[in-house]
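Please consult the sequence and structure shown here.

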Amino acid sequence: MKTHRSGHARLVPALAAAHLRHDWILTLCLVIALTAVIAPLLVLLGLKHGTIETLRERLVEDPVYRELRPTQTQPYSEDWFAQVAAWPGVAFLTPTILPLSSVVQVVRADETTSLFDLIPTAAGDPFLLENGAPVPGENEVVLTAEAARLSGVAVGDRLGVRVSRTRGGRSENVQAELKVVGVLPIGAGTLTRIYAPLAFVLDVESYKEGYAAARRGWPGDTPDPYPSFDGVVLLLDEPLSPIVRTGAIIQTGFARIGEITRDQAEALLGLPIPQRLHAYDLSTPNTPITQSNIRAIQTKLRGREPLLLPYVRDLELIGADGRPWRPAGLSVDAAQAARLDLPPVPWGGFQARRERAEELTSVLWPTDAEANADSGVGSDMGLDSNPDADTRQGADDGIVVTSPGRTELSFVLRSLGPSPVSEPLAPIELLGILRTAQDRAVAYVASSGRFEMQRAGYRGFRLYAASLDDVPRLYRRLREQGLEVDAAIEAIERIQALDGGATRLFWLIALLGLCGGTAVLVASLYAAVDRLRAELGIIRLLGLSRAHVAFFPIVEGLMIAALSLAVSFGAYGALATVINRSFANELAPDERFCALPASLIAPIVLTTLLLACLAALVAAWRSTNIDPSEVVRAD
Amino acid sequence: MRDGQAPMVRMESIVKRRGQADSGFELRVPELRVDTGEVVALIGESGCGKSTLLDLIALILAPTSAVQFRLHLAGEGAGQDLAALWARGDEGALAALRREALGYIPQTGGLLSFLSVRENIRLPCRIKGVSLADRELETLAKRLGVAECLDRKPHALSIGQRQRVAILRAIAHGPRLLLADEPTAALDKPRARAVLADMNALACQQHLAVVVVTHDLDLLAEHVDRAYTFDLERLSESETRSTCRALDDAKRVIA
């Protein structure tokens, strides 16, 4: 009998099929009933996937929703970018610069111009890529739709941009020709923006700050820092009459001129002043004094042999041992030194930019410990507490100092000899540069021994999270660093809630439908078995076992389910086509309102068949209880 | 066992009880045998348990107790201990015996409504796993006068035709034992006589043993080799007992 098992495995389905064919009206009713459940569920699932996914992709997967924007401009270091870029969930991070430094003029064909924002981008920028634009390379840009419209260019055209700056009271500009490699869709924002590689943006910033961008042939300064001062002490052999005094500062950039006592002058300069000289203090409140101011006053006072000594207030240097000390600054030529009753200084007269960099980092160290004490800062002078001070000041390795400022500067001062005054004496330009470094970022390049202006640096960032779920985490992490950031947290949560709600709703309806469908199958198959009691009994009588007969309703259930699935998919296909056609106007070419992902078809089929099997189990159990001896005899 | 001497079906002291708590029916079979090629009639009034006995032999009803219940087919050694199979509840083995050795003609034909006549006749062959040539099927059908309705569904047949098809189906797969439960109950006498004659002719030709239940012995008196009848006893208001007893001379009784 074992040899017939496989035969029976085919026989039962054949009998079931024969029964379904014979009772075709009943079969049709069952298929219609199940189709009435499955087809709407397929359409519902298709709509959920199509609509919600379309919305999701439009809204949720819009990179804008994954962006975390800093709300304040503040400096960020290269290290910070390296660190944050490595955080999990960070898909893209690029530095940005000061908004004002990233504005360029776009020159149209008719020579009219308008101002556009320049936004740095880099490889992998999701905002560009997900909006269908390539990431621009060297000399390439991507425009927003509005920017393209205003500038009248399209992909493939060349875009002329002009970068302008004001330097020394004159307006200057340079032009660049950039290739438009992409235009973003209107949906990607209505601002007039130009996306360009970070390197180009940095060049624009440099040029605007007055520097050259050698790579592009843009002229400008080298990045030497300029000295700035709190004021100038004017020393004259003859006093100025009040009228001359007032006229002297007109158009020099100084706002105030006041006669001061010798003591006051000595306090400002940290130098002894010969009694025969008359001292005036020239300054402008809250505004630094630069070389051009000094030149201007010098010109005004030509003939009176003015001695102009710039000063810097409250400048402290920190010694290697951590103690602060105050230097005096003086740069004068030999003749001027003589007028001050001082020996000449090795670095000579005032020069805003010194060819020989080492002249700047020089110092004359006081030998007189008493003088140090007199100066009131002696005990703070760092070296004084060192018993080897005398040997050290003459040593070639110099004096290591740190200047606290905007960025802390560490450098080595060469001691060129003894100070003629009680304070350590340094070139006034050094003090001026250190004063500038308190407001502006200045770096000391040890290799060249020069100070350099640092670029304004990175003042912001463009950060995109890898997925929506990463946004809240990154948001918290940046906030923990004390950064004010803005992210579409609420919108994300709203959309996620909407999506979650729609999914739950679908499953609720699906559950209801599946329950209904299963109930239909259970009842129908049970009734079918009941109607077929006699015939199933005969089949048993003819030599099939209970197990084989139990298989009969299961096979019927599967066949009905399979037929219903086929009809349902057909109905779904027809309806989906109608739905998609009728909404075609509101959809992008590759978008569909009703779309069933192919990955879901197998699960749907398997689930339906499984449920049909489960539903048939009741009927199968019923069929095993049929006793042939009870049913072969018509009562 | 020795050929010719071992009965095909042997029942000894078999009891079948059926019924609920308030009313019981007990069938006792002290001794019953069916030999190869024999036609055995089970005769009695309705309710005497003759159909119950037939279903016991047809292996679709379990005996309540059995001292001896064997089925011995030619060339099969010691035969099958049916009592043991029932005791074990070996559903598969019993089903196998049904499809291998038995043919059953139900009272009302018992054709499957959703299969054509031809498919109905072929069904036991398919279940058994043997083939039945179309020609052989048609020859048999011709003999029973149902050749023209082979491709119809059973509901399109007359009752007589259905019974003939049922007979055809019961023997198509080459069983050793044919069981018939009042196969002619629904037919008038001449027609019934003809159907029974056909059945007997086929059984004879194929050397089948036949057990036929009837309350109308004269219809087949001429064919019967052995007959059993039943003695009904009313034990109480609700208890009835029926004991199967061999009729010494069936043909004489009828006469």
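Why is α6(B) largely enclosed by the rest of the structure? The account below rests on a predicted model.

**Helix α6 of chain B**

Of the 14 residues of α6(B), twelve are buried, so the helix is largely enclosed by the rest of the structure. The buried residues include B:Arg162, B:Arg164 and B:Arg169, along with B:Val165, B:Ile167 and B:Leu168.

Helix α6 of chain B covers residues 159-172, and at 1.5 Å a residue it should span 20 Å; the end C-alpha atoms are 20 Å apart, which agrees. After α6(B) comes B:Gly174, with a positive phi near 70 degrees.

**Nonpolar cores**

The largest nonpolar core contains 122 residues. Among the residues with the most contacts inside this core are B:Ala41, B:Leu178, B:Val210 and B:Val211. Helix α17 (residues 546-582) of chain A provides the largest share of the core, eleven residues. Another core, of 55 residues, lies apart from it and includes A:Val232, A:Ile273, A:Leu330 and A:Val442.

In soluble globular proteins, nonpolar side chains tend to be buried together.

**Contacts between chains A and B**

Chain A has 22 residues in contact with 26 residues of chain B. On the side of chain A that touches chain B, two or more residues come from each of α1 (5-22), α16 (533-541) and α19 (628-631) of chain A. The largest share, five residues, belongs to α1(A). By class, this side of chain A comprises ten nonpolar, eight polar and four charged residues.

Key
Residues are numbered from 1 along each chain as its sequence is written. Chains are lettered from A and ligands numbered from 1 in the order in which they are written. This is a predicted model: local features need pLDDT of at least 70, side-chain atom pairs count only at pLDDT 80 or more; totals for chains, interfaces and linings use all residues. Helices (H or I, at least four residues) and strands (E, at least two) are DSSP runs, numbered from the N terminus. The expected span of a helix is 1.5 Å times one less than its number of residues. A residue is buried if 20 or more other C-beta atoms lie within 10 Å of its own, exposed if 12 or fewer, and partly exposed in between; C-beta atoms are placed from the backbone. A nonpolar core is a set of buried Ala, Val, Leu, Ile, Met, Phe, Trp, Tyr and Cys residues joined through C-beta atoms within 7 Å. Two residues are in contact if their C-beta atoms, placed from the backbone, lie within 7 Å. Ala, Val, Leu, Ile, Met, Phe, Trp, Tyr, Cys and Pro count as nonpolar, Asp, Glu, Lys and Arg as charged, and the others, Gly among them, as polar.
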